[in-house]
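Morning, everyone. Please have a look at the structure on the screen, and then we'll walk through it.

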Amino acid sequence: MTLNVRQQVSLRQLNTLAVECSAAYLVDISAAQHIPEAVEFARSRHLPIMVLGAGSNILFSGDYTGVVLNIQTRGVTYSGNGAQVLVEAAAGENWHQLVMNCLQRGYYGIENLALIPGTVGAAPVQNIGAYGVELDSVVEAVHGWHMESKCWMTLSREQCEFAYRDSIFKRALRDHFVITSVTLNLTTETKVHTEYAALSDYLDANGISQPTPLDVADAVIAIRRSKLPDPEEIPNAGSFFKNPVISAADFVKLRQQFPGIVAYPVDDASVKLAAGWLMEQAGWKGVQQDGVGFHAEQALVLVNPGAVGGAAVMAVADAARRDVQDKFGVTLEVEPRIY
Ligand code: FAD
Ligand code: NAP
């Protein structure tokens, strides 16, 4: 097997923040069987490895001096058993396209996750979530190559240790595991999740009292288009900070000081704060400095219309983070992975 290896490749088109930088080596992975050889290529040169999907949840702080595995595998299989449908999609498939293809076939469960950019292989990494649904609710198994033990592995949903925007792929298996495909457990039953306020408000406003899964997807797409910048038009990586989770006791104190604070209970002991609200109150909504800043419709989304470099992106993010810390005493954590 001959690998398709390129040297000194620009990554600007391969990250949605449009940060200009280069990779020392880039290997196009068009078939999962190329992965072991690509890993050995890097290991034999003592180079680090980065697995790249569509680049919509990463920030390059500078040139990448290792080997980038550019996952481009394709293929989806469907198998049914009564109302249950198992859908196995290759890591390089486009996530949103998969959502729409499943809907067209009458396979439901991921309609709330429509229009999330990126690949299928990256979806379990941060347990993508939106509008009240998280990926883990439909994951049957995640398949891939373990780079150290040099073997193919399948992880069950439990073994993925999914949590809020988190999984084992961000922790114990970080940089050790290349996801090659994901099996989803979907259904032909038309039960929908419309509890999320922005979604139910939209459906009510449009007179849709008994929404189908397709109605839900259409609503999610319309809401997202109305407030989120399309990375093709304005470079961005979605939410730049995670919603901070604080103790219920700290929340009571914070609410006394800021009665309008937007927050949601996680459990009896903790509360999730809307980071977008904190950013807006700290004065960062719509603010840009030298070509980089925060979106006018959603202060949590860092936008980079000037396509500035990673250091300038981090400088504006750090300034915003400091302001939120000073005003609320809350520490914001960056969501995209920084390389
Ligand atoms: P990349 O950015 O390429 O990679 C992200 C991380 O996953 C990297 O650490 C990478 O090494 C790792 N990775 C990628 N592929 C693999 C693989 N095959 N095996 C192992 N590791 C891998 N996220 C949400 O959760 N909900 C949202 O609603 C949402 N909305 C967004 C809206 C916009 C406009 C944008 C730009 C982003 C949004 N995101 C959202 C973030 C992003 O879309 C998701 O995190 C997505 O899953 C990233 O996919 P990707 O292929 O671009 O991953
Ligand atoms: P929004 O509707 O303005 O809500 C702001 C925040 O409040 C969200 O982050 C959301 O948390 C939380 N929230 C709202 N209703 C909630 C409820 N009923 N229960 C629990 N939490 C609730 O948010 P938005 O920015 O327009 O985004 C809409 C959805 O798309 C959100 O789910 C968001 O996570 C997702 N999104 C994610 C990214 C990303 O890059 N990660 C980018 C864009 C949008 P949650 O984030 O936990 O849902």
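Ala, Val, Leu, Ile, Met, Phe, Trp, Tyr, Cys and Pro count as nonpolar; Asp, Glu, Lys and Arg count as charged; the others, Gly among them, count as polar. One caution: this is a predicted model.

Now, ligand 1. By class, its shell holds 18 nonpolar, eleven polar and three charged residues. There are 32 residues around ligand 1, and V51, S56, N57, T119 and R224 come nearest.

V51 uses a backbone N or O atom, 2.6 Å from an oxygen atom of the ligand. T119 uses its side chain: an N or O atom there is 2.7 Å from an oxygen atom of ligand 1. G129 brings a backbone N or O atom to 2.8 Å from a nitrogen atom of the ligand.

How much of ligand 1 does the protein cover? On its own, ligand 1 has 970 Å² of accessible area, and the protein covers 92% of that.

Next, the second largest pocket. Its space is about 180 Å³. Of its 13 lining residues, Y108, G109, V138, T187 and H193 are closest to the centre. Strand β12 gives the most to this lining, with three residues. By class, the lining has four nonpolar, five polar and four charged residues.

Last stop, a hairpin. Strands β10 and β11 pair in the antiparallel sense, over six bridges. Four residues sit between them, and K150 in the turn has a positive phi of about 55°. W145 stands opposite W152 in β11.

Definitions and conventions:
Residues numbered from 1 in each chain as written. Chains lettered and ligands numbered in written order. Predicted model: local features only at pLDDT ≥ 70, side-chain atom pairs only at ≥ 80, totals over all residues. Heavy atoms only, no water. Pairing = 2+ DSSP bridges. Helix = DSSP H or I, 4+ residues; strand = E, 2+ residues; numbered from the N terminus. 1 Å grid on protein atoms, 1.4 Å probe; cavity = no way out; pocket = protein on both sides within 12 Å on 5 of 7 lines; lining within 4 Å. Points joined across faces, edges and corners; volume = space filled by probe spheres on them. Near = heavy atom within 4 Å. Polar contact = N/O pair within 3.5 Å; in protein donor to acceptor, adjacent residues only side chain to side chain. Areas by Shrake-Rupley, 256 points an atom, 1.4 Å probe, with all protein chains shown as cover.
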